[in-house]
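Biologist: Hello! Could you bring up the model, and shall we talk it through together?

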Amino acid sequence: MKFEIVKLEELSGERASIYSVIVNDETDHLFGQFVHENTPNYPNEVKDIVARIRVIGHKTGAMEYFFKHNEGKPGQGITALFDRPEAKLRLYCIHFGKWAILLGGGGPKNVATLQEDPKLKDENYLLRKISDAITLRIKEKDLQWKGSELEGDLTFDDSE
Amino acid sequence: MKQARVVRSPAIAAILEQRDPAQTNRVELRMMLSAKIYEAIQQKGISKKQFAEMLGQQPSVVTKWLSGTHNFTADTLADIQRVLEIALFNFEEQPKQEKIAIAFELVRKPAATEEFEIANLSVS
């Protein structure tokens, strides 16, 4: 699998950098695909999610309580953007800190556990893989944080 | 060191083009309130659980308050600002702004000089 970390122009601002990932040769990043897939059936929720992320980037930063934590293994930073019980969609993210998040994918949440939903499970586990790869590269100093900017080797290929 | 490529998504651009100003404003206000409350809790040096107890609420209720999605009532905000000793409302009268329109003509003075004078000045 190849992927590239990209920064989202529309949503990043002075309070936080908003990243996502382009996987293999896809034309859009994971969050763009989430928006495209879910807008037909859940237009208002998608608009709400996009609006909230824009506020995170421009006004508040990625406050810890805007997310539900521990959606992956300890230390992976996998979270879900906070969704009320009546919300229909779940969006997975990597929460680096108040200064930056990386948006993954997600989808409709129909069942009680992650393991029972193939789509959500795939999106969650993909983000876990991405988180581990980023962590390793930071440890090896091929990636670093400079303020809210992630710098260094931002393309990954696990076939290498 | 190289920074991330900045990209635009057609799907996101389409959503942002359809923004309803009223809804955008509501989302922003809810999140900014949550952020302000959370920062005040931290500055006071109390835990989320202690804050909940001060207000006679369950911690899960405070989780919802801080999530950035909650539609607060005025009573709840009044209680929160009292307990945290912060101001969430600002009732100071803003000075009224007045717009005035000024119209005038610049008329070249007689005797073909490079001097002008103001004529037909009106202020409304």
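This is a predicted model: local features need pLDDT of at least 70, side-chain atom pairs count only at pLDDT 80 or more; totals for chains, interfaces and linings use all residues.

Biologist: Thanks! In which sense do E1(A) and E1(B) pair?

Modeller: Two strands pair if DSSP finds at least two bridges between them. E1(A) and E1(B), residues 5-7 of chain B, have 3 bridges. A:Val6 stands opposite B:Arg5 in E1(B). The sense of the pairing between E1(A) and E1(B) is parallel.

Biologist: And within chain A, which residue of E2(A) is the bridge partner of A:Phe3?

Modeller: E1(A) pairs with strand E2 (residues 17-23) of chain A in the antiparallel sense, over 5 bridges. E1(A) also pairs in the antiparallel sense with strand E9 (residues 155-157) of chain A, over 3 bridges, where A:Lys2 has A:Asp157 as its partner. In E2(A), the partner of A:Phe3 is A:Val23.

Biologist: Why is E1(A) described as largely enclosed by the rest of the structure?

Modeller: A residue is buried if 20 or more other C-beta atoms lie within 10 Å of its own, exposed if 12 or fewer, and partly exposed in between, with C-beta atoms placed from the backbone. E1(A) is called largely enclosed because its buried residues number 5 of the 7.

Biologist: Turning to the contact between the chains, which element gives the largest share of the side of chain A that touches chain B?

Modeller: Residues are in contact if their C-beta atoms, placed from the backbone, lie within 7 Å; the contact takes 34 residues from chain A and 28 residues from chain B. Strand E1 (2-8), helix H1 (30-38), helix H2 (43-60) and strand E8 (149-152) of chain A each give two or more residues to the side that touches chain B. The largest share, 9 residues, comes from H2(A).

Biologist: How many charged residues does that side of chain A have?

Modeller: Ala, Val, Leu, Ile, Met, Phe, Trp, Tyr, Cys and Pro count as nonpolar, Asp, Glu, Lys and Arg as charged, and the others, Gly among them, as polar. The side of chain A that touches chain B has 16 nonpolar and 7 polar residues. Its charged residues come to 11.

Biologist: Which residue of chain B does A:Tyr19 touch?

Modeller: A nonpolar core is a set of buried Ala, Val, Leu, Ile, Met, Phe, Trp, Tyr and Cys residues joined through C-beta atoms within 7 Å. A:Tyr19, A:Leu91, A:Cys93 and A:Ile101 touch the most other members of the largest such core, which has 64 residues. Not counting residues up to four places away in sequence, A:Tyr19 touches several residues of chain A, including A:Ile5 and A:Leu150, and, in chain B, B:Ala4.

Biologist: Now A:Leu120: is this residue buried or exposed?

Modeller: A:Leu120 lies in helix H3 (residues 118-139) of chain A. Beyond four places away in sequence, A:Leu120 touches residues including A:Arg90 and A:Leu114. With 23 other C-beta atoms within 10 Å, A:Leu120 is buried.

Biologist: Over to chain B. What is the radius of gyration of chain B?

Modeller: Chain B has 5 helices and 3 strands, in the pattern β-α-α-α-α-α-β-β along the sequence. The radius of gyration is taken over C-alpha atoms, and the globule rule is 2.2 Å times the number of residues to the power 0.38. For 124 residues that rule gives 14 Å, and chain B is well over this, so it is more spread out than a compact globule, with a radius of gyration of 27 Å.

Biologist: One last thing: is B:Glu85 buried or exposed?

Modeller: B:Glu85 sits in the loop between helix H5 (74-84) and strand E2 (102-108) of chain B. Its phi is positive, near 60 degrees, in a residue other than glycine. With 9 C-beta neighbours inside 10 Å, B:Glu85 counts as exposed.

Methods. Residues are numbered from 1 along each chain as its sequence is written. Chains are lettered from A and ligands numbered from 1 in the order in which they are written. Two residues are in contact if their C-beta atoms, placed from the backbone, lie within 7 Å. Helices (H or I, at least four residues) and strands (E, at least two) are DSSP runs, numbered from the N terminus.
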